[in-house]
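Hi there,

Here is the structure I promised to pass on to you. Please open it alongside this note, and I'll go through what turned up in it.

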Amino acid sequence: MEFELDDDLASVRELAGQIFTDLGEVDRLRAAERDGSGFDEKLWRVLSEAGLVGIAVGEVHGGAGLGTLGMITLLEQQGRRVAPVPLWAVLSMAVLPLAEHGSPEQQQRWLPSLLDGSTLVTGAFDVPAGVAAVLRAELAGQGWTLHGEVPVVPAAQRAAAVLAPVLLPSGEVMVVVVPTDRAGVTVTPVHVTNHESAAALSLSGVAVGQEDVLPGDGAEITAWVRRRAQLALAALQLGVCEEALAMTARYTSERVQFGRPLSTNQAVAVRAADAYLDTESIRLTTQKAAWLMDAGQEDEARAATLVAKWWAAKGGLRAVHATQHLHGGMGADIDYPIHRYFLWGRQIAFTLGSAAAVEAELAEVLEHGGAIGSPA
């Protein structure tokens, strides 16, 4: 396994970094927080026009064909600017599953407008541990009616459709594309820790047909999507921790106390070093899991992704706690940028599995013969 980015991925990092830097000013972040939208429309449009929403899918679908490594490279740059756009959710829970598991008709209906930014589709795959799906289906003629509620769905109030796992009366699972304008769908905006766009999704007798169902084993598709969503969150957390650590290094080097910079205090240096080690652990485990996915080693990638998400949850939370703490009183000032990294770090840590939940899931995988994998 190579830990250096190839030329294509380096170009993605440079382009994405430039876009997020140019459109990631603090004033724009504050505006998205103040108006309650948690969504930067101009940034989303620019990312789409640059072809970055299609970074992970093949050219046959209009994408760049850079796979999971392309996705994590892009999301790392977003995390560095805590940019208010639902990239991780759209890429991992909509674009990738539609490209990989959607029928030709579903791909033609949704992917072109998704990639050009004119339509937004998100996913509702964050369910409690041990639960196959929180939505349920009842037979209705040649189709089904859907019922249930998902408390938090990223950017659901802006989405034209939501992909979600649904429990059938037989106990099996199917993955459905639910248009949000369909009768019986209620979308209610909710406030989340990092102020990003999110809403509760309620379904009451929503009619769907076979044309709305992703073909294939729903349980396997759900597991496939969750792996990519967890990895996307780990990549986002990597960028959050990297930039929070860089900001902290600058602050403690410039802040003088008792006649010397804070960074010369041993306790400060050790705390920062621990945060750096946590951040690098997120980087290496995330890259490894992405490499395994792109190599087609799904069994090994399953455990490796859980390891990456564990580091993003446990190590990421430690890192953002440390960086805010090392800012002292400035860390509690919401006019100072470091607090956003703390909020994003907490949001990511508990989305799609806390450290404890992921640890339990990983233990089950390893108990049943799963392997973390070793690169060729």
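What follows is about the salt bridges. One thing to keep in mind is that this is a predicted model.

The count comes to 15 salt bridges.

Let's begin with arginine 158 and glutamate 41, whose closest N and O atoms are 3.1 Å apart. The arginine belongs to the loop between strand 3 (143–154) and strand 4 (161–167), while glutamate 41 is in helix 3 (residues 41–49), so this bridge ties together parts 117 residues apart in sequence. Arginine 158 is partly exposed, at 32% relative accessible area, and glutamate 41 is partly exposed at 49%.

Next come glutamate 243 and arginine 80, with 3.0 Å between the closest N and O atoms. Here helix 7 (residues 218–254) supplies the glutamate and helix 4 (residues 67–81) the arginine, so parts 163 residues apart in sequence are tied together. Glutamate 243 is buried, with 8% relative accessibility, whereas arginine 80 is partly exposed at 23%.

Both of these residues also belong to a network of salt bridges that links Glu76, Arg80, Arg81, Glu242, Glu243, Arg250, Glu280 and Arg283.

Finally, have a look at arginine 182 and aspartate 212, which meet at 2.8 Å, N to O. Arginine 182 sits in the loop between strand 5 (173–179) and strand 6 (185–189), and aspartate 212 in the loop between strand 7 (198–208) and helix 7, so the pair ties together parts 30 residues apart in sequence. Aspartate 212 is buried, at 2% relative accessibility, while arginine 182 is partly exposed at 23%.

Best wishes

Technical notes:
Residues are numbered from 1 along each chain as its sequence is written. This is a predicted model: local features need pLDDT of at least 70, side-chain atom pairs count only at pLDDT 80 or more; totals for chains, interfaces and linings use all residues. Side-chain values use heavy atoms; hydrogens and water are left out. A salt bridge is a side-chain nitrogen of Lys or Arg within 4 Å of a carboxyl oxygen of Asp or Glu. Helices (H or I, at least four residues) and strands (E, at least two) are DSSP runs, numbered from the N terminus. Buried means under 20% relative accessible area, exposed over 50%, partly exposed in between (1.4 Å probe, protein chains only).
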